[in-house]
Amino acid sequence: MGYEINIQRTLDYIEDNLNEKVTLMKLAEVACFSPFHFHRVFQVMVGVSVMDYVRKRRLTCAAERLFYTDEKVIEIAFDVGFQYIESFNRAFKRFYGISPRQYRDAKRLSGPLLGKACLTIHYLGGTWMAPKLITKPAFHIIGYELKTRNTDGQNNKDIPEFWHQYMQQKLGCNIPNPINVNQELGLCTNFNPETGEFIYVIGMEVTPGTHVPDGMVYMSFPELQYAVFTTPKADEKSFTSSIQGTWNQIFTEWFPQSGFEHHGLVEFELYDERCYGTKEKEMDIYIPVKKQTV
C-alpha cells in the first residue's frame, strides 16, 4: 500500500484548519509519520514543501475572499491564520506582487491561485535496482556550501547553478587530500522543514582533522544505516530525469513497503567514474533510514 491515504488525510486536515495554527509537527502526527519523513514524502507526492503549501493555500483563500466578498482585509487575514495584519500584507504582496487592497481594487481574480492538491501519483514501473542496506561508518567531508530552500522551487534553480560553477571552475581540484579522488558527494543537511531551508554541499571525503582551506567547509557525520539506490543506466540527455525518477520511486514505491523511514540527518548523491562519458551513466543515492516507530 502506498502513502496516498496518509498524505490525503493531511491535505484534508489543512483545508479544515486554514484559520488555525497548523504546524509541521501536527501534520506529521496526522499522517502517522516522523516529522522529517513526512516532510520528504509530502514534497515528493504533492510537489511542494508542506509549509509552503499551507501558506499558498491560505493566500489563495484570501485572494478569493477579497474578490468575492466585501469583508474587511483584517478579518480575512485573521481567518486564514495570520496573527498580524502586517505579516499578512507582506506575505500577500510577495505572492501576488500587490497589496491586498490593490488586489481588491483591481476587480479581477488573478495571479497564482493554488487549489487543494489532488494526488495523481504515476508509478514509473519498469526495472529498477532494489537498494542495498549498508552501515556507513562516520565520515568527514570538505567542500563548498550553498544555503538554499525548497520554497517555490528555489533549490531546483540554485543547485544546478552551483554544480555548473563547481565544474566550470574545477573547484574539486582545491579540496585537499581526498580519500577518493574521483568521488564527489552532493549532500543535503541541516534541514529546517518549517521554513524549507537547508544546506547543500558539494565535496569529497577526507580524513579527520584535514586542514580546511579558506572558502570551504568541513562537516562530520556519524555512523548511520543507509539504503543505497543506483539509478538506471542512462545517456547524457536522460541522466537527470533518471535521477529524479529514482528519487520519486524511493518515496512513492520503496518506502511505503519497506518498513523504514527517513532518518533525517543527511542524504547525498554519490558521483564517480560511472558518471563519466555520455552513455550508460549511473550514480548512487544514499538515504539514511531507521525502522518505522509509528
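The model is predicted, and local features need pLDDT of at least 70, side-chain atom pairs count only at pLDDT 80 or more, and totals for chains, interfaces and linings use all residues. Residues are numbered from 1 along each chain as its sequence is written, and side-chain values use heavy atoms, with hydrogens and water left out. Ser258 belongs to helix H9 (residues 239-258); helices (H or I, at least four residues) and strands (E, at least two) are DSSP runs, numbered from the N terminus. Ser258 is buried, with a relative accessible area of 15%; buried means under 20%, exposed over 50% and partly exposed in between (1.4 Å probe, protein chains only).

Helix H8 (residues 154-168) contains 15 residues and spans 21 Å from its first C-alpha to its last, close to the 21 Å expected at 1.5 Å a residue, the expected span being 1.5 Å times one less than the number of residues. Asn155, Asp158, Ile159, Phe162, Trp163 and Tyr166 are the buried residues of H8. Seen down the helix axis, these residues fall within an arc of 130°, so they line one face of H8; the arc is that of the directions from the axis to the C-beta atoms. On the other side of H8, Asn156, Met167 and Gln168 are exposed. The buried face packs against strands E2 (139-149), E3 (184-192), E4 (197-206) and E8 (266-271), with contact meaning heavy atoms within 4.5 Å.

The largest nonpolar core has 72 residues, and those with the most contacts inside it are Ile7, Phe38, Phe88, Tyr200 and Phe255. Such a core is a set of buried Ala, Val, Leu, Ile, Met, Phe, Trp, Tyr and Cys residues joined through side-chain atoms within 4.5 Å. Helix H4 (residues 50-68) supplies the largest share of this core, 9 residues. Apart from this core lies another, of 16 residues, including Phe139, Leu187, Phe221 and Leu270.

Just after H8, Lys170 takes a positive phi of about 50°. Asn177, in the loop between H8 and E3, has a phi near 50° and is exposed, with a relative accessible area of 62%.
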